[in-house]
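Reader: Could you walk me through this one? I would like to take it piece by piece and ask as we go.

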Amino acid sequence: FWLFRCAPDSVVLLQELLRSLRQSFDEDHVCVVEAVTRLAFLHFLCQRYAQAEQLFEEGLQLHRRRMGNDDILLVSTLEMLAVLYNSLGKGDDSVPLLEETLRIRRLHLDESHPDVIENMTTLAFLYARQHKYASAEPLLQETLRIQRLGGNTPAVVENMSRLAMFYRLQGKIEAAKELADESARILEHLGDDA
């Protein structure tokens, strides 16, 4: 899937494969869904965004019909469509997709799983970029709370820095300073342990 490069021959071959699969299987067969998604990704790599968008949306529709709305494999297509929307300047359209990926991941993965943490952080930054601070702040606080369960680690310091930056952007200088001071103490302690 990720080994494709933008090459006209690859697009043609995958289009032919998709036509053949559609003749051999039901429209929502897993092979058809996968081929549609791969072709969408290939168009994305080739910067053919209109074709990529149409195919990602088709792939999502077929996948949902076949596997339902809670299938963990749906996440990669949702994320790729969100990336595409951001590339097209449609950040507002990517928010519900990333919210859905987080919902699905929370169904299937532990709250401390790196994919859940990354999803929460990405969504928080997207909210912040849209000035939806009331939605972003709880996600950043939750990622920090979850990561603190594992002790004081570099990941905790990184999340503290993110949250401190977020507080500064909102003018919450005292809260930002408290986090910055605490992260400096943790870094000093981590340095002593090295």
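Author: Let us begin with isoleucine 186, which lies in helix H9, residues 173-193; helices here are DSSP runs of H or I with at least four residues, strands are E runs of at least two, and both are numbered from the N terminus. This is a predicted model, in which local features need pLDDT of at least 70 and side-chain atom pairs count only at pLDDT 80 or more, while totals for chains, interfaces and linings use all residues. Residues are numbered from 1 along each chain as its sequence is written, and side-chain values use heavy atoms, with hydrogens and water left out.

Reader: Is isoleucine 186 buried or exposed?

Author: Isoleucine 186 has a relative accessible area of 7%, so it is buried (buried means under 20% relative accessible area, exposed over 50%, and partly exposed in between, with a 1.4 Å probe and protein chains only).

Reader: And what is isoleucine 186 in contact with, leaving aside its neighbours within four places in sequence?

Author: Apart from those neighbours, isoleucine 186 is in contact with Asn152, Val156, Val157 and Met160, where contact means heavy atoms within 4.5 Å. Isoleucine 173 is 13 residues away from isoleucine 186 in sequence, and their C-alpha atoms are 20 Å apart in space.

Reader: Which residues does leucine 179 touch?

Author: Not counting residues up to four places away in sequence, leucine 179 touches Leu144, Arg148, Met160, Leu163, Ala164 and Tyr167. Leu179 is also among the residues with the most contacts inside the largest nonpolar core, along with Phe56, Leu81, Leu123, Leu139, Leu163 and Phe166.

Reader: How many residues does that largest nonpolar core have?

Author: The largest nonpolar core has 55 residues, a nonpolar core being a set of buried Ala, Val, Leu, Ile, Met, Phe, Trp, Tyr and Cys residues joined through side-chain atoms within 4.5 Å. Helix H2, residues 30-45, supplies the largest share of this core, with nine residues.

Reader: Then let's stay with H2 for a moment; at what angle do the axes of H1 and H2 cross?

Author: The axes of H1 and H2 cross at roughly 160° and come within 10 Å; axes are lines fitted to C-alpha atoms, for helices over the stretch in contact, and angles run from 0 to 180 degrees between N-to-C directions. H1 and H2 are therefore roughly antiparallel to each other (angles over 145 degrees count as roughly antiparallel, under 35 as roughly parallel, 65 to 115 as roughly perpendicular, and the rest as oblique). H1 passes H2 in a left-handed crossing, meaning that the near helix is turned anticlockwise from the far one by less than a right angle, whereas clockwise would be right-handed. On the H1 side the contact includes Leu14 and Leu18, and on the H2 side it includes Val36 and Leu39.

Reader: What about aspartate 9, where is it found?

Author: Aspartate 9 is found in helix H1, residues 8-24, and it counts as exposed at 60% relative accessibility.

Reader: Changing topic, which helix does H6 come within 8 Å of, axis to axis?

Author: The axes of H6, residues 114-129, and H7, residues 133-148, come within 8 Å and cross at roughly 155°. That makes H6 roughly antiparallel to H7, and the crossing is left-handed. By class, the contact of H6 with H7 has twelve nonpolar, four polar and one charged residues (Ala, Val, Leu, Ile, Met, Phe, Trp, Tyr, Cys and Pro count as nonpolar, Asp, Glu, Lys and Arg as charged, and the others, Gly among them, as polar).

Reader: And how do H6 and H8 pack?

Author: H6 and H8, residues 154-169, pack at an angle of about 15° with their axes 12 Å apart, and they are therefore roughly parallel to each other. Here Ile117, Thr121, Phe125 and Ala128 in H6 meet Asn159, Arg162, Met165 and Phe166 in H8.

Reader: What is the phi of histidine 131, in the loop between H6 and H7?

Author: Histidine 131 has a positive phi of about 65° although it is not a glycine, and with a relative accessible area of 59% it is exposed. Glutamine 47, in the loop between H2 and helix H3 (49-67), has a positive phi of about 60° and is not a glycine either.
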